[in-house]
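Please look over the structure below. A short report on its parts and their contacts follows.

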Amino acid sequence: MRKCLLINFIIILMFCSWGLADTVNTPNKDASSGKPEINIQKIEFDLEGNIDRFDDNELVVDDRFHYVSKLVRFRSKDDKKSLLRSNFTVGTTVRVKLNSKGEVETIWKVK
C-alpha cells in the first residue's frame, strides 16, 4: 500500500514538473502565425550606422572597419525575413552584431 502511494506521488510530481517546464522559457507566439515572436529591440547591437564600404569580406560602417564572417546573415529591420547581400549598399543604415572574433555575424537593414 505504501509503495503504491509513493509511486503515485512520484508520478504526480513528474506531471506537475513537466507542466511547469512547458510554461517557463516559452517564447511569445504571434497569434496570427503561431511562430515565435522575435523582438529586435531586445538584441544588443555592437554597431549602428551607415555603410561606407562593403566588400566580400570587409565592412566599414561610419568609418569603423570590421571583417565579415563567412557565415554572415542578412536580416530585415523587424528580423522576420532574410535578405540578400545585394540589399546592403553604400549609404544603407544598418545595425550589426559581431561574433567573438570581432567579425560581422549578422546585419540588420534599418533603412
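Phe 45 counts as partly exposed, because its relative accessibility is 23%. Here buried means under 20% relative accessible area, exposed means over 50%, and partly exposed lies in between, with a 1.4 Å probe and protein chains only. This is a predicted model, in which local features need pLDDT of at least 70 and side-chain atom pairs count only at pLDDT 80 or more, while totals for chains, interfaces and linings use all residues. Residues are numbered from 1 along each chain as its sequence is written, and side-chain values use heavy atoms, with hydrogens and water left out.

**Aromatic pairs**

Rings of Phe, Tyr and Trp (its six-membered ring) pair if their centres lie within 6.5 Å; planes under 30 degrees apart count as stacked, over 60 as edge-to-face and the rest as tilted. By this rule there are four aromatic pairs. The ring of Phe 45 pairs with that of Trp 108: the centres are 5.0 Å apart and the planes stand at 80°, so the pair is edge-to-face. Phe 45 lies in the loop between α1 (2-23) and β1, and Trp 108 lies in strand β5, so the pair ties together parts 63 residues apart in sequence. Helices (H or I, at least four residues) and strands (E, at least two) are DSSP runs, numbered from the N terminus.

What is the geometry of the pair Phe 54 and Phe 74? The ring centres are 6.2 Å apart and the planes are at 55°, so this pair is tilted. It links distant parts of the chain: Phe 54 is in strand β1 and Phe 74 in strand β3 (residues 64-75), 20 residues apart. Ring pairs also join Phe 54, Phe 74 and Phe 88 into a cluster.

The table lists relative accessible areas for residues of this report.

| Residue | Relative accessible area | Class |
|---|---|---|
| Trp 108 | 5% | buried |
| Phe 54 | 11% | buried |
| Phe 74 | 13% | buried |
| Arg 75 | 14% | buried |
| Asn 99 | 19% | buried |

**Around Phe 54**

Phe 54 has a charge over its ring. The charged end of Arg 85 sits there, 3.6 Å from the ring centre. A charge sits over a ring if NZ of Lys or CZ of Arg is within 6 Å of the ring centre and within 35 degrees of the ring normal. Phe 54 touches Leu 59, Val 68, Phe 74, Arg 85, Phe 88 and Ile 107, leaving aside residues up to four places away in sequence. Contact means heavy atoms within 4.5 Å.

Phe 54 also belongs to the largest nonpolar core, which has 15 residues. Such a core is a set of buried Ala, Val, Leu, Ile, Met, Phe, Trp, Tyr and Cys residues joined through side-chain atoms within 4.5 Å. The residues with the most contacts inside it are Phe 54, Leu 59, Phe 88, Val 104 and Ile 107. Two or more residues come from each of β1, β2 (58-61), β3, β4 and β5. In soluble globular proteins, nonpolar side chains tend to be buried together.

**The barrel**

The protein has one helix and five strands. Along the sequence the pattern is α-β-β-β-β-β. A closed barrel of five strands runs β1-β2-β3-β5-β4, with mixed pairing. From one strand to the next, the twist averages 60°. That angle is taken between N-to-C directions and runs from 0 to 180 degrees, with axes as lines fitted to C-alpha atoms.

Two strands pair if DSSP finds at least two bridges between them. β1 and β2 run antiparallel and are joined by three bridges. They form a hairpin with three residues between them. Phe 54 has Leu 59 as its bridge partner in β2. Strand β1 (residues 47-54) also pairs with strand β4 (residues 93-98), in the antiparallel sense, over four bridges. There, Leu 47 is partnered by Val 96 of β4.

Arg 75 lies in strand β3. Beyond four places in sequence, Arg 75 touches several residues, among them Lys 80, Phe 88, Thr 106 and Trp 108.

Asn 99 sits in the loop between β4 and β5 (104-109). With residues up to four places away not counted, Asn 99 touches Ser 69 and Glu 105.

**Whole chain**

Of the 111 residues, 27% count as buried. Among contacts with a separation of 6 or more, 47% come from residues 24 or more positions apart.
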